[in-house]
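Trainee: I am new to this structure and would like to go through it with you step by step. Could we look at it together, one question at a time?

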Amino acid sequence: MPFLEIEHLHKQFGTLNAVADFNLQMHKGEFVSLLGSSGCGKTTALRMIAGFEAPTGGIIRLNGRDVSRVPANRRHIGMVFQSYALFPNMNVADNIGFGLKIKGQPAAAIQAKVHELLALIQLPDKGRSYPYQLSGGQQQRVALARALAIEPQVLLLDEPLSALDAKTRVELRQEIRDIQKKLNMTTIYVTHDQEEAMSLSDRVVVMNKGVIEQIGTPFAIYNYPKTAFTASFVGQLNVLPVTVTDGAAGECRFYDQPLKLKEAFAAANQSTATIALRPEELRLGQQDGHNHLTGIVENNTFLGAIIRLRLRVEQTTLLADLFNERQMVIPRDGETITINFPPHACWILDNQLN
């Protein structure tokens with residue numbers, strides 16, 4: 001039985017469908033990210049789950065109990081906000097213990113819990129400090145501890161790392177995941193950052209214009225996108241306009257250069273189609289059994305672990321991500337080169353990119 005069930009959840013603001021027919025089932029201890037651009041409905045969905053926003057329709061069940069109309073303070077859900085939302089007039093220990101104090105817990109129990117959580121977030125000596133004395137990363141750790149203090153059934157995080165610098169974000173997201181695993185806490189994480197969603201989650205919910213485009217593991221979302229939006233939104237994507245030469249054989253033509261896909265596809269000969277191809281699938285030179293394209297290097301960008309080539313083939317620009325090697329010879333701007341990729345690396349997009 002799912003621990004958290006969301007069925008046909010939707011929210012309207014006037015004539016605007018902020019969230020439409022949102023369905024999700026989560027098991028106890030699962031970490032799920034809602035991923036999408038600004039305005040896609042992910043935060044609205046999270047606020048309805050938390051009880052801060054009343055749904056226009058739909059059902060939210062938590063551990064078998066319908067909480068769709070239950071007030072937020074009675075749902076036993078913890079929330080971590082982007083803005084930390086710490087009480088500036090309280091020290092760290094009082095911030096963490098605030099929820100327990102409101103619940104009327106004994107002072108000794110509160111003190112023990114605060115001590116335990118300070119150790120968990122690796123700030124054992126900051127109990128007497130005030131929020132203004134902490135870095136952004138430390139403040140977010142305290143906000144996390146405060147949400148965990150009440151031992152919620154579900155933990156919700158609304159873009160908690162977006163205000164932090166890149167290095168701190170990477171460090172803190174790993175700490176969040178480690179803590180979540182240790183506590184076996186059912187968690188929903190809202191983010192627009194693809195890398196965060198991919199690195200943290202058991203499953204990812206890709207949202208677009210208020211609807212769910214796809215739900216799946218990070219591996220499935222990236223490698224086997226079910227919609228054109230998911231394919232284009234998650235990661236870099238090359239889009240190749242092709243002419244079908246033999247769909248039953250998986251054959252087509254990109255300008256005058258023949259291509260072969262691993263699988264057959266339904267399309268009339270001489271009709272047009274669109275192929276998707278990830279930049280990291282491309283390699284320099286020729287290889288037996290692979291597809292080959294020849295084009296002109298427009299520029300290259302050194303990104304450390306990879307070198308990104310921008311290649312012009314007729315009227316189309318392709319990106320190729322090559323793994324950096326100390327002895328590699330990087331193609332020069334204006335040089336004509338050949339790249340290759342296996343038939344299984346490309347697929348037909350079945351609807352328009354949006």
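Trainee: Is Glu314 buried, partly exposed or exposed in this model?

Mentor: The model is a predicted one, and in it Glu314 is placed in the loop between strand E17 (306–313) and strand E18 (316–323). Its relative accessible area is 45%, and since buried means under 20% and exposed means over 50%, Glu314 counts as partly exposed.

Trainee: Where is Val67 found, and is Val67 buried or exposed?

Mentor: Val67 is found in the loop between E5 and strand E6 (77–80). Leaving aside residues up to four places away in sequence, Val67 touches Ile60, Leu62 and Arg75. Its relative accessibility is 1%, and because a value under 20% is what buried means, Val67 counts as buried.

Trainee: How many aromatic pairs are there, when ring centres must lie within 6.5 Å?

Mentor: The rings that are considered belong to Phe, Tyr and Trp, and two of them pair if their centres lie within 6.5 Å. By this rule, the number of aromatic pairs comes to six.

Trainee: Why is the pair of Phe31 and Tyr189 given its particular class, and what is that class?

Mentor: Phe31 and Tyr189 have ring centres 5.8 Å apart, with the ring planes at 35°. Planes under 30 degrees apart would count as stacked and planes over 60 as edge-to-face, so this pair of Phe31 and Tyr189 is tilted.

Trainee: How many residues apart in sequence are the parts that Phe31 and Tyr189 tie together?

Mentor: Both residues are buried, Phe31 as well as Tyr189. Phe31 lies in strand E3 (residues 31–35), whereas Tyr189 lies in strand E8 (residues 186–191), so the parts that the pair ties together are apart in sequence by 158 residues.

Trainee: Are the residues of the pair Phe219 and Tyr224 buried or exposed?

Mentor: The ring centres of Phe219 and Tyr224 are 6.4 Å apart and the planes are at 50°, so this pair is tilted. Phe219 has a relative accessible area of 57% and is exposed. Tyr224, at 57% relative accessibility, likewise counts as exposed.

Trainee: How is helix H2 (residues 92–102) set against helix H3 (residues 107–120)?

Mentor: The axes of H2 and H3 come within 9 Å and cross at roughly 125°, and the crossing is right-handed. The contact is made by residues including Val92, Ile96 and Leu100 of H2 and Ile110, Val114 and Leu117 of H3. An angle of roughly 125° makes H2, relative to H3, oblique.

Note on methods. Residues numbered from 1 in each chain as written. Predicted model: local features only at pLDDT ≥ 70, side-chain atom pairs only at ≥ 80, totals over all residues. Heavy atoms only, no water. Helix = DSSP H or I, 4+ residues; strand = E, 2+ residues; numbered from the N terminus. Buried < 20%, exposed > 50% of the residue type's maximum accessible area, 1.4 Å probe, protein only. Axes fitted to C-alpha atoms, helices over the stretch in contact; angles between N-to-C directions. Parallel < 35°, antiparallel > 145°, perpendicular 65-115°, else oblique. Left-handed = near helix turned anticlockwise from the far one by under 90°. Contact = heavy atoms within 4.5 Å.
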